[in-house]
Amino acid sequence: MVIAFENHFERHYEGGARWLHDVLSALGTVTHPPLCLVIGAKPANLPGDLRVAGHVRAHPWRHAPQPRTVEAEIDVVLDRTEADLWVGRQWLPRLASGIPRVICWPDFNFRHLEHLDDAEVERIEERWQGVAEAAEAVMMISQTAADEALASTPTVGERLFVCGYPPVFSESALAQDPDAVRRRYHLPERFLVVCNQFWLHKNHAVVVNALSELAQGGETPPVVAFTGRPHDPRNPDTFGDLLRFVAREGLHEACRFCGVLRRDEQVGLIRAAEAVIQPSFLEGRGAIVEEASVLGTQVLCADIPVNHELRAPGAVFFDPTDPTELAKLMSRRWPAAPRPTAAILDETRGLTADYGRRLYDVFERTLAAGRRAASSQR
């Protein structure tokens, strides 16, 4: 089996790039891995572990395609490599080659974000309808998203698969000493961490409001480390508004903004923290919940449907609209239960292998359906 993948590796290592990395890693664990071509990527664009993986191959463009010629260039590559399948994310190319297309659609958050303008919602909705009507298979990363897909577009039916990605940790990601990372960022022994981009729906506001309530009630609020890109492209004032609130409420000592960290530092910080807070109003999957759980860190997460389907035993849920409820949880002491690196690697290997089998099954079933359709048209 030869699978062509849409390239995401020249962008920030978030969202699509993270998803693609985990998909390619997982496919390398199956008994007979498919050959995975990353179309439009140079070898240097691939993460180091994939650069040396025998089943992954970067396939650069012969010529840098213009927006109107991308699909034609993809067709040339697919024909030359005899690819069996195209896999992309949120974008459905029109391919003259006619090979089956599997599209990952992460969520329908755009329908629920009040700050999006109507034109943007309409554009994304139109893109979804195109995927739902014409893709040979659609993968969702959570059952919550799949349920919404079926409710709004039941015709996607048997072409819809739920294939949520698991926590994937390499040895290099676990190499940092957690206490050394904590000290590097001048954090106290007891601190909490929020690992979200500063987008409005990620709901950092409930965390700083909870800290303010604790301070106003006479308690010394715990230190909270915030990691993530401090920019919301749709709401540029989000991060500034948060900083102004922290300044007005005198919460500088309680709020530490660490920016975007390398993967190994991020993991080290989670392992050093007393608890991870995930306060989002909306998530396609919310990977940090499962990641923190596998790393052995207590999770305090928003009481939203998608978080309940994640594998995070011991997670504590709170109303994301209620800072008072969160403040009570943040003031509690959460006993540390650090997990040895060997145990984390053992669990993540098992989860990754299971993910690889589920992905491979989706691809095999999509190809089989395509063969049946072609046979019936003869």
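Trainee: Which residue in β13 is the bridge partner of Cys301?

Mentor: This is a predicted model, in which local features need pLDDT of at least 70 and side-chain atom pairs count only at pLDDT 80 or more, while totals for chains, interfaces and linings use all residues. Residues are numbered from 1 along each chain as its sequence is written, and side-chain values use heavy atoms, with hydrogens and water left out. Strands (E, at least two residues) and helices (H or I, at least four) are DSSP runs numbered from the N terminus, and three bridges join β12 (residues 298–302) to the parallel β13. In β13, Cys301 is bridged to Phe317.

Trainee: Which strands stand at the edges of the sheet?

Mentor: Two strands pair if DSSP finds at least two bridges between them. The open sheet has six strands in parallel pairing, ordered β10-β9-β8-β11-β12-β13. An edge strand has a single partner, so one of its sides is left without a neighbour in the sheet; this holds for β10 (255–259) and β13 (316–318).

Trainee: What does the twist average from one strand to the next?

Mentor: Axes are lines fitted to C-alpha atoms, for helices over the stretch in contact, and angles run from 0 to 180 degrees between N-to-C directions. From one strand to the next, the average twist is 25°.

Trainee: What angle does the direction of helix α7 make with that of β9?

Mentor: Helix α7 (residues 204–216) packs on the sheet and touches β8 (191–195), β9 (223–227), β10 and β11 (275–278), where contact means heavy atoms within 4.5 Å. The directions of α7 and β9 make an angle of about 165°.

Trainee: Why does the pair Phe198 and Phe257 count as tilted?

Mentor: Rings of Phe, Tyr and Trp (its six-membered ring) pair if their centres lie within 6.5 Å; planes under 30 degrees apart are stacked, over 60 edge-to-face, and the rest tilted. By this rule there are ten aromatic pairs. The ring centres of Phe198 and Phe257 are 6.1 Å apart and the planes stand at 55°, so the pair is tilted.

Trainee: Is Phe198 buried or exposed?

Mentor: Buried means under 20% relative accessible area, exposed over 50%, and partly exposed in between (1.4 Å probe, protein chains only). Phe257 has 30% relative accessibility and is therefore partly exposed. Phe198, at 3%, counts as buried.

Trainee: How far is Arg285 from the ring centre of Tyr165?

Mentor: A charge sits over a ring if NZ of Lys or CZ of Arg is within 6 Å of the ring centre and within 35 degrees of the ring normal. Arg285 lies over the face of Tyr165, and the distance to the ring centre is 5.8 Å.
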